[in-house]
Each structure stands twice: as C-alpha cells, then as structure tokens.
Amino acid sequence: MSKRIGILTGGGDAPGLNAVIRAVVLTARNHYDWDVVGIVRGFDGLYEGLPSVPLLEKDMRELLARGGTILGAANRGSPFAHPVQRPHGKIEYEDVSHVAISRMADLGIDALIVAGGDGTMAIANRLVSLGARVVGVPKTIDNDIGGTDITFGFDTALNTATEALDKLQTTAESHHRVMVLEVMGRDAGWIALHAGVAGGADAILIPEIPFDIEVVCQKIRQLKVAGRNHSLIIVAEGAAPIGGQQQYRIKGEGRHGARLGGVGQIVGDLLADCVGSEVRVTVLGHVQRGGQPTPHDRWLATRFGSAAVHLAAQEKWGYMVALQGTHMSAVKMEDAIKMKLVDVNSETVQMARDLGVVFG
Ligand code: F6P
C-alpha cells in the first residue's frame with residue numbers, strides 16, 4: 001500500500017543532512033514506492049504550519065555533496081516549549097505538541113523521519129509517547145549521541161579541524177609561536193581528541209579531563225629544551241580548568257539555550273604568561289559545520305537515511321538508526337539522549353598520552 005513519509009532536519013545543521021534526505025527519498029521511491037514530503041525549519045515548521053515541500057527523485061541529483069540542509073534548520077524550537085510573547089513583553093512557553101501531531105495527520109504523513117541531535121531525539125521521543133509515528137537519524141558534528149559509534153557530520157568537522165592544525169603548524173614553526181585552536185563539540189571532546197591526534201597537537205584539552213594549565217606550560221618548556229620552539233594546543237570549547245567553569249559566549253537557558261566559547265583565549269592568555277613565547281589563538285567556529293560533507297559522511301548519511309526508511313516500514317516508532325561497529329542497527333531514542341562522552345580511560349586517550357600528548 002502506498003504511504004507518505006515526512007522528513008525534517010532538527011537542531012543545528014551538519015554536513016551530510018542533504019545526503020540523508022536524498023537517501024530517504026530514493027529508498028522510499030525505489031524500494032517502497034512511497035511519497036516523501038519535507039517539513040521546513042524543523043519542528044517549528046511542523047507546528048507553525050509552514051508549507052511542506054514534495055521531495056521528488058529528480059530533485060535529489062545534486063544533494064550528495066551539498067552542505068547545510070535544503071529543508072532549513074531551527075535549533076531552538078520545541079513543540080513542548082513554544083515561546084509566546086505576553087503583554088508587557090513577558091515570554092511564556094506553551095506546549096503545542098498536539099498541534100504538531102495533528103499537523104502530521106493533516107499532511108497525510110504515515111511516518112516522520114527526524115534527523116537531529118540529542119535535543120531532537122528527546123522531542124521526537126516525547127511525541128512518540130503521545131502516539132506519533134517517528135524514527136530518528138543521528139546527526140551532529142559533536143559525535144556525542146548515545147547508542148551509535150559515530151554520527152554523520154563528525155568526519156567533516158574533523159577534517160576541517162585537522163586541516164586548521166596543519167595550517168597553524170607551518171606558521172607556528174616560522175614564528176616560533178604557540179598556537180591555540182579552539183574547536184566545537186559542546187560537552188564532548190571528540191573533535192578535539194581526534195583532530196588533535198590527527199594534526200599532531202602537543203596538548204589536547206577536553207571537557208572530560210579538567211585541565212591544569214601548568215601541565216601544558218611544562219610541556220611547552222620541555223619542547224623548547226628539546227629544541228622545538230613552537231607548539232600546537234587544541235582546546236574543546238567545553239574544556240574547563242580543574243575546579244573552574246566552562247566559558248559561554250552566549251548566555252541562555254539550559255543546555256540548548258546557552259552557547260559555549262571563549263576558553264581558547266583564556267588558555268592562550270595563561271600560556272603567554274607562563275611560557276615566554278608569543279601565543280596566538282584561533283577560534284574555528286562554524287566553518288566546522290559548513291561546506292561539503294566528506295565522502296565518509298556522505299556514505300554514512302546515505303546508510304542512515306536508507307536504514308531509517310526501512311525502520312519506518314517496520315513501524316519501529318521511537319527508534320533511531322545507529323552504527324555499531326560496521327553494522328547498521330537501531331536503538332531506542334531514550335538511549336540516544338544519553339550523551340556519549342570521551343572515555344578518559346580509553347585506549348585512544350592512553351595512546352595519545354603514550355605519544356607524549358598532555359591533557360592538562
Ligand atoms: O551541536 C553542534 C554545535 O555546532 C556545537 O558544537 C556548538 O556548541 C553549537 O552547535 C553552536 O550552536 P549555534 O550554531 O547555535 O551557535
């Protein structure tokens with residue numbers, strides 16, 4: 001029987017979202033003969049009733065290599081907390097989840113596929129508990145979603161961060177400087193750890209290991225004694241000193257309202273005081289989220305998108321596709337919401353230490 005599925009991209013964007021959309025449309029059309037409709041601007045577009053877009057096979061041609069999301073993204077909206085401005089400017093939050101659910105019915109959607117991070121999965125899971133038919137696809141450059149070994153978007157961000165370290169390395173060497181690179185990742189240090197190892201950083205500061213700046217200073221001094229007058233330090237935006245606080249560039253409510261940023265400059269200033277070398281700080285920012293997805297992210301996003309359609313066919317509502325080892329699997333959304341952090345006792349962290357990298 002012919003069905004119609006909807007797809008939305010929730011939260012911030014990540015390279016590979018368009019490849020997911022393409023895989024959903026191609027699998028739905030070719031394998032099941034189902035129609036696909038796109039919901040624009042995430043959950044906001046669903047409950048606000050923004051016009052949906054038919055997604056046709058012929059429109060999917062150039063999507064594999066395209067960054068961003070053709071459906072648009074909104075990384076604050078939730079149907080369970082829709083901001084409404086009251087008289088005198090007061091903002092109150094209303095639960096409009098019933099509107100989101102009835103909109104799915106109005107659109108004739110038999111199943112909704114949501115590609116998003118932990119915030120999106122939390123919303124989707126609540127909608128499922130109210131009777132909505134939703135399956136998930138794990139998206140984030142931060143790689144912090146539980147239940148899956150990897151998320152799409154991470155590899156592209158990792159490439160960008162590693163390339164930045166490579167570039168900083170040559171100029172650091174010319175000027176005998178200490179270069180600090182601040183990367184994204186929220187409360188998880190995956191980008192910093194992997195790029196730090198791949199780009200040969202001397203110190204990797206991650207949220208999972210509170211740092212002592214003196215350890216980093218000592219490392220830089222040791223390198224100088226050994227004849228190396230430059231060094232590379234990578235700092236995750238969520239890193240904090242022992243007993244200290246994370247730095248925010250935007251204050252806001254809750255984990256999804258506030259935005260981390262600024263620790264790189266603090267680390268740079270502290271190092272300038274203790275090592276007697278020139279220090280420069282680069283904040284990589286949103287270039288980590290933009291641009292073409294790497295072949296690995298295209299491949300992973302395609303596998304996820306296709307698997308999500310099969311999950312919908314099996315009526316596995318409340319499940320999210322997940323990569324476990326090399327195997328495509330599915331986990332409950334409630335497991336995806338549990339944040340996946342770097343295991344400080346892992347073989348990877350130990351390997352970096354064995355190479356002489358310090359974690360502060
Ligand atoms: O979760 C992805 C991410 O890029 C984080 O690494 C970062 O902290 C945050 O989103 C930035 O959000 P925004 O695009 O709203 O500034």
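Trainee: How many residues of domain 1 are in contact with how many residues of domain 2?
Mentor: Happy to start there, keeping in mind that this is a predicted model. The domain assignment gives domain 1 as 4-152 + 293-336 and domain 2 as 155-290. Counting heavy atoms within 4.5 Å as contact, 16 residues of domain 1 touch 17 residues of domain 2.

Trainee: Which three residues supply 35% of the area that domain 1 buries against domain 2?
Mentor: Between the two domains, about 1500 Å² is buried, and carbon and sulfur atoms give 44% of that area. On the side of domain 1, one trio supplies more than any other three residues: Arg 76, Ile 141 and Asp 142.

Trainee: Where does the ligand lie, and why?
Mentor: Look at the residues that surround the ligand, among them Asn 75, Asp 142, Glu 237 and His 286. Domain 1 and domain 2 both give residues to this shell, so the ligand lies between them.

Trainee: How many residues of the shell around the ligand are charged?
Mentor: Good one to check by eye! The shell includes Asp 142, Arg 186, Glu 237 and Arg 249. Sorting the shell gives two nonpolar residues, three polar ones and, for the charged group, six.

Notes. Residues numbered from 1 in each chain as written. Predicted model: local features only at pLDDT ≥ 70, side-chain atom pairs only at ≥ 80, totals over all residues. Heavy atoms only, no water. Near = heavy atom within 4 Å. Nonpolar A, V, L, I, M, F, W, Y, C, P; charged D, E, K, R; others polar. Domains from an automatic or database assignment. Buried area = accessible area lost by both parts, 1.4 Å probe.
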